[in-house]
Amino acid sequence: METRRPIILGFLLLLTGLALCAGGLWFLLSPAQYTATVQIKINPDINDIPSNGSGNSATYDPYFIQTEFEIIQSDIVLGNAIKTLNLHVSVYSLKRQINVRSVRNKRLVEICVTDRNPDTAAKIANTIASAFRDYKIQLWQSEFQNGIKTMEEECQIQEQKVKTMQAKVEQLRQNLNVPSPEPSEEQLKSNYPAYFQARKELNASNEFIKIFREKIDAEKMDHEIPREIIEIVNSATSQTQPTGPDRSLGVLFIIGLFPVIGGLLFLKSSFSQTA
């Protein structure tokens with residue numbers, strides 16, 4: 001057992017040294033990597049979509065920024081970027097080149113892309129930002145149209161109810177023999193209370209539909225106003241200085257030589273003794 005310990009120690013030193021040397025060579029010989037960063041501003045307030053006549057209301061979502069990160073790195077956004085640049089890579093491969101992070105606050109986001117070519121890194125970063133912006137615009141457009149459609153359908157339902165109410169009011173007027181032209185409000189209220197109340201409800205419903213229609217028209221007009229959903233604050237540019245690998249870590253190769261030599265000496269001495 002005692003004779004085996006130097007052999008085991010020698011192998012451990014040798015393997016450790018070889019690992020350090022390999023790591024050092026990797027840092028020395030690996031191609032330079034360049035990182036390009038595009039900075040965008042996400043405006044969650046613009047995501048308000050009209051629905052069921054409830055109007056626009058911003059709701060705080062604690063997972064908002066995480067959701068946006070996932071969209072940026074989604075297959076549809078990265079796939080569109082790959083198609084635009086005609087890259088011969090998979091979405092999975094491109095994801096490995098991307099780092100998405102928030103800056104200062106929830107609305108400011110940086111998309112960092114690393115590549116061997118600084119120009120390619122900048123093009124990819126800017127294209128991903130544009131693809132993300134286009135996706136968000138299309139999504140907002142689609143959701144806006146769905147919201148308007150829901151409001152118009154609800155308005156049509158209310159208009160149909162008003163037509164039914166109008167027919168009932170007219171029938172009630174005939175049954176009660178309300179004179180034409182109609183008397184004053186006070187006389188109607190005193191002499192024809194049922195008709196007065198039914199007509200009052202009909203007028204209120206007509207006013208509601210009028211306001212509802214005005215709201216729909218206002219939403220459509222507001223939709224035509226240019227609104228920045230995703231704002232590209234700073235576009236990515238080609239960097240002259242590489243961001244990796246750290247060449248100084250090539251010293252690991254020299255450091256690794258010591259345990260390699262030590263391990264070889266231990267093994268030589270151990271095998272000499274056993275011989």
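A residue counts as partly exposed when its relative accessible area lies between the buried class, under 20%, and the exposed class, over 50%. In this predicted model, Glu 170 falls into that middle class, with a relative accessible area of 34%. The residue takes part in a salt bridge with Arg 173, where the closest N and O atoms are 2.9 Å apart. Both partners belong to helix α5 (residues 118–175), and their spacing of 3 residues corresponds to about one turn of the helix.

Side chains of opposite charge can pair when their charged atoms come close. The structure contains 9 salt bridges. One of them links Lys 95 with Asp 75, with 3.7 Å between the closest N and O atoms. Because Lys 95 lies in helix α4 (residues 91–95) and Asp 75 in helix α3 (residues 75–85), this pair ties together parts that are 20 residues apart in sequence. Lys 95 is partly exposed, at a relative accessible area of 34%, whereas Asp 75 is exposed, at 51% relative accessibility.

A further salt bridge, at 3.6 Å from N to O, is made by the side chains of Glu 219 and Lys 215. These two residues both lie in helix α7 (residues 193–223), 4 residues apart, which is about one turn of the helix. Glu 219 has a relative accessible area of 8% and is therefore buried, the limit for that class being under 20%. Lys 215 is partly exposed, at 28% relative accessibility.

Key. Residues numbered from 1 in each chain as written. Predicted model: local features only at pLDDT ≥ 70, side-chain atom pairs only at ≥ 80, totals over all residues. Heavy atoms only, no water. Salt bridge = Lys/Arg side-chain N within 4 Å of Asp/Glu carboxyl O. Buried < 20%, exposed > 50% of the residue type's maximum accessible area, 1.4 Å probe, protein only.
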